[in-house]
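Visitor: Please take one part of this structure and go through it closely. I would like to see how a single piece sits among its surroundings.

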Amino acid sequence: MASCPIGAIKAPPIWRELLTWSKGPITTRAVGRALRVAGTIDLDALYRFEILCFREHRFRRDHVDWILRNERALTLVEDGPKKVTAAMMLLFEGHTCRVLSVAVAPKARRHGIGTRMMQAAEAVCLERGLSTIRLEVSTKNLVAIEFYRRLGYRTDGVLYGYYSWGEDAYSMHKAILPPSASESSRPLTSAGHTT
Ligand SMILES: CC(C)(COP(=O)(O)OP(=O)(O)OC[C@H]1O[C@@H](n2cnc3c(N)ncnc32)[C@H](O)[C@@H]1OP(=O)(O)O)[C@@H](O)C(=O)NCCC(=O)NCCS
């Protein structure tokens with residue numbers, strides 16, 4: 001299935017309370033103890049993971065390398081007993097965080113790991129005072145569209161021929177609000193329940 005990243009282009013692992021990154025600190029309070037920040041040392045493992053998760057239109061190895069080296073990008077991974085279980089690649093653009101890719105190993109899907117990764121992205125945004133998370137997803141990737149929709153992402157446009165192989169993409173976004181603000185801004189259903 002198609003990847004969600006940009007069509008043309010995705011510190012060694014440390015377990016500490018404070019993980020430094022060129023654009024600011026990332027605390028384990030934000031990303032949780034299950035996740036760690038990936039570095040260039042993870043290139044081979046992440047490229048193998050890319051092949052495992054995306055049957056086609058995956059990032060090339062040099063794209064993964066580019067992301068790992070990019071000072072505006074952040075890759076979070078969850079490790080399984082032997083290999084990577086989940087990975088998420090983020091790019092920070094002004095007040096916006098862009099999800100370049102999120103993937104969970106096929107055997108680990110549907111257990112909430114993807115949701116946890118996206119929640120970690122939101123927590124990092126909150127810590128950094130960023131207001132929006134954006135992403136693009138292939139209009140054919142129905143699983144991912146449902147996954148994002150369920151997490152509160154809303155479609156704000158169709159990008160025709162967005163990917164280099166010609167597929168269209170939906171542009172989706174979610175406003176990042178502090179927990180108290182997001183509670184009060186939740187829409188009410190006609191029955192009066194929050195959704
Ligand atoms: C999209 C992806 C990351 C979801 O990860 P996950 O860990 O399985 O997701 P979760 O378990 O947190 O699922 C949360 C919700 O998303 C929706 N969802 C997830 N997988 C789904 C599926 N196969 N069919 C329908 N809905 C699905 C469901 O609403 C689900 O909630 P539920 O299990 O209570 O019904 C995973 O399917 C994946 O890696 N896909 C391949 C890579 C990809 O396409 N990434 C996105 C574009 S870059």
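Guide: Threonine 96 stands opposite threonine 132 in β7. This is a predicted model. Strand β6, residues 96-104, pairs with strand β7, residues 132-138, in the parallel sense, over four bridges.

These two strands belong to an open sheet of seven, in the order β3-β4-β5-β6-β7-β9-β8, with mixed pairing. β3 (35-37) and β8 (154-159) are at the edges with a single partner strand each, so one side of each has no neighbour in the sheet. On average, neighbouring strands of this sheet are turned by 30 degrees against each other, direction ignored.

Helix α4 lies across part of this sheet, namely β3, β4 (73-79), β5 (84-93), β6 and β7. Its direction is at about 160 degrees to that of β6. The helix holds 16 residues, 113-128. At 1.5 Å a residue it should span 22 Å, and its end C-alpha atoms are 23 Å apart, which agrees.

Which residues of α4 are buried? They are Gly114, Met117, Met118, Ala120, Ala121, Val124 and Cys125. These residues cover an arc of only 150 degrees around the axis, which puts them on the same side of α4. The spacing follows a general rule: an α-helix has 3.6 residues a turn, so residues three or four places apart point the same way.

Just after α4 comes glycine 129, with a positive phi of about 70 degrees.

Key:
Residues are numbered from 1 along each chain as its sequence is written. This is a predicted model: local features need pLDDT of at least 70, side-chain atom pairs count only at pLDDT 80 or more; totals for chains, interfaces and linings use all residues. The expected span of a helix is 1.5 Å times one less than its number of residues. A residue is buried if 20 or more other C-beta atoms lie within 10 Å of its own, exposed if 12 or fewer, and partly exposed in between; C-beta atoms are placed from the backbone. The arc is that of the directions from the helix axis to the C-beta atoms. Two strands pair if DSSP finds at least two bridges between them. Axes are lines fitted to C-alpha atoms, for helices over the stretch in contact, and angles run from 0 to 180 degrees between N-to-C directions. Two residues are in contact if their C-beta atoms, placed from the backbone, lie within 7 Å.
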